[in-house]
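Look at the sequence and the model first, then read the points below.

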Amino acid sequence: MFGRNKKTADETTEPETQDAAAEDQTKRSPQPKGTPTPTRREREAARKRPLVPDDRKAARLAQREHLRELRQKQRVAMETGDEKYLPPRDRGPQRRFVRDWVDARFGVGEWMLLLVLAFLFISFVLTDEARLVMSQVLWLFVLAVIVECWWVARRVRKQLEAKFGEVEKGVRFYAAMRSLQIRRLRLPKPMVSRGEFPS
């Protein structure tokens with residue numbers, strides 16, 4: 001008599017625990033109707049990934065293809081200014097503002113490289129006195145470029161503080177370096193015309 005009651009009690013508690021486990025599984029990952037609930041073994045097998053792939057050559061080729069696609073997207077982003085695929089150095093609203101502001105102005109820094117190259121070629125045909133005068137003019141130009149870089153960094157900082165409130169680290173150096181590049185060779189490509197300053 002007591003054994004029969006004990007057996008029935010076990011039978012009643014066992015389905016309850018099974019129902020509770022099934023409900024817990026469905027709560028964790030709801031499955032669409034009509035599909036069997038995956039077992040624990042199937043779930044663990046789906047989560048497991050080998051640390052080292054079986055086919056290393058195929059994995060290396062896949063990684064190389066992925067990097068090639070990423071470089072292609074970055075190259076297109078450099079041409080179009082797409083923020084999603086730009087390198088971290090050029091990403092963000094403050095960097096975009098700095099690029100637009102520097103690209104909208106006329107500066108002497110962008111001509112420095114061309115002037116230095118011209119001086120190097122011309123110096124072969126000049127006399128010593130003319131070469132000395134040209135070198136002094138070149139040093140004055142370099143000094144003017146340094147002053148301009150300082151002014152650009154200071155001006156950009158004020159513009160960013162007025163627009164964004166807080167200035168990111170390295171933005172002033174970013175503006176100074178971009179002002180030294182020839183406009184046609186700047187990357188990302190300029191998106192504004194001369195005189196079209198950002199608001």
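The points below cover ring pairs, their surroundings and charges over rings.

The model is predicted. A search of the whole structure finds 3 aromatic pairs. Ring pairs join Trp101, Trp151 and Phe197 into a cluster.

**Tryptophan 101 with tryptophan 151**
- Tryptophan 101 and tryptophan 151 form a tilted pair, with 6.2 Å centre to centre and 40° between the planes.
- The angle counts as tilted because stacked planes are under 30 degrees apart and edge-to-face planes over 60.
- Tryptophan 101 sits in helix α4 (residues 93-103), and tryptophan 151 sits in helix α6 (residues 128-164).
- The pair therefore ties together parts that are 50 residues apart in sequence.

**Tryptophan 101 with phenylalanine 197**
- Tryptophan 101 also forms a tilted pair with phenylalanine 197, at 6.0 Å centre to centre and 55° between the planes.
- Phenylalanine 197 lies in the segment after α7 (171-179), while tryptophan 101 is in helix α4, so this pair ties together parts that are 96 residues apart in sequence.

- Tryptophan 151 is partly exposed, at 37% relative accessibility.
- Phenylalanine 197 is partly exposed too, at 44% relative accessibility.

**Charges over rings**
- Arginine 95 lies over the face of tyrosine 174, and the distance to the ring centre is 5.0 Å.
- Lysine 163 lies over the face of phenylalanine 164, at 5.7 Å from the ring centre.

Definitions and conventions
Residues numbered from 1 in each chain as written. Predicted model: local features only at pLDDT ≥ 70, side-chain atom pairs only at ≥ 80, totals over all residues. Heavy atoms only, no water. Phe/Tyr/Trp six-rings, centres within 6.5 Å; stacked < 30°, edge-to-face > 60°. Helix = DSSP H or I, 4+ residues; strand = E, 2+ residues; numbered from the N terminus. Buried < 20%, exposed > 50% of the residue type's maximum accessible area, 1.4 Å probe, protein only. Lys NZ or Arg CZ within 6 Å of the ring centre and 35° of its normal.
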